[in-house]
Amino acid sequence: MTVRRIALAALTALVAVVLTGCGDRSVTGSTPPVTGDGGGAAVTGTVTVLAAASLTETFTRLGRDFEAAHPGTRVVLNFAGSAALATQINQGAPADVFASAAPANMRTVTEAGNGAGAATVFVRNQLVIAVPKGNPAGVRGLADLARTGVKVALCAEQVPCGAAARTALDVARVALTPVTLERDVKGALAKVTLGEVDAALVYRTDARSAAAKVDAVEFPESAEAVNDYPIVVLRHAPNPAGARAFVEHVRSDEALRVLTDAGFQAP
């Protein structure tokens with residue numbers, strides 16, 4: 001009888017332990033918090049992204065999508081020419097992610113030791129000639145930009161759209177003097193939409209974003225000046241978990257559809 005009582009007591013204790021465990025799961029939950037970086041840190045807080053001006057429309061959309069997928073996060077986007085952004089980062093500007101419109105500006109950051117790991121190319125972009133609706137100057141190619149009386153806006157050569165424009169013009173053996181050199185592609189595009197110039201060399205994506213006001217003239221030399229867009233988590237990111245999660249989001253198939261719909265090319 002003593003053995004049976006001991007066995008019964010042990011069984012009762014075991015059942016009590018199991019029931020207690022079940023009660024704990026129903027109150028506190030046993031599933032760990034969802035993480036976005038695979039490293040065990042919950043994704044929350046502000047994610048500050050410095051991105052090339054040509055990414056304005058698409059990254060604004062991707063930022064909203066990221067916030068919806070990660071409640072408790074806020075994406076702060078700062079757009080400018082890639083060269084200016086690289087300088088800001090190397091001078092200590094607090095940011096989590098850098099997305100450049102060209103590898104050269106990214107190297108400025110990574111070679112200074114300010115990237116956390118290697119940068120990854122996530123899209124490519126190509127130039128077009130943006131002209132006012134109806135193309136009143138009759139621009140058909142790069143040679144037309146050098147005609148007398150045709151006013152042209154270019155990006156400064158220090159920024160990716162300007163460097164790409166110089167490459168395309170050199171390939172076409174076209175020499176021209178622009179009436180203005182802009183700090184980023186949005187500035188060059190604005191000169192067309194405001195009617196201040198007859199044409200500007202901008203990215204295909206930017207012309208598409210302003211399709212209500214401009215037409216895009218394709219030219220074959222643009223194939224020699226395609227820009228790769230790299231992205232990287234920054235070494236001193238205030239929110240490294242959020243930064244890694246945002247970069248993963250940008251590199252996802254879902255984000256690539258948004259980017260290619262806007263005119264970017266898959267890498």
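Phe59 and Phe246 are both buried, where buried means under 20% relative accessible area, exposed over 50%, and partly exposed in between, with a 1.4 Å probe and protein chains only. This is a predicted model: local features need pLDDT of at least 70, side-chain atom pairs count only at pLDDT 80 or more, and totals for chains, interfaces and linings use all residues. Residues are numbered from 1 along each chain as its sequence is written, and side-chain values use heavy atoms, with hydrogens and water left out.

How many aromatic pairs are there? The count is 6. Rings of Phe, Tyr and Trp (its six-membered ring) pair if their centres lie within 6.5 Å; planes under 30 degrees apart are stacked, over 60 edge-to-face, and the rest tilted. Phe59 and Phe122 make a tilted pair, with 5.9 Å between centres and 40 degrees between planes. Phe59 sits in helix 2 (residues 56-69) and Phe122 in strand 4 (residues 120-125), 63 residues apart. Helices (H or I, at least four residues) and strands (E, at least two) are DSSP runs, numbered from the N terminus. Phe59 has a relative accessible area of 0%. Phe122 is buried too, at 5%.

Phe59 also pairs with Phe246. Their centres are 5.9 Å apart and their planes at 75 degrees, so this pair is edge-to-face. Phe246 lies in helix 8 (residues 240-250), 187 residues from Phe59. Ring pairs join Phe59, Phe66, Phe122, Tyr203, Tyr229, Phe246 and Phe264 into a cluster.

Now the whole protein. It has 9 helices and 10 strands. Of its 267 residues, 45% are buried.
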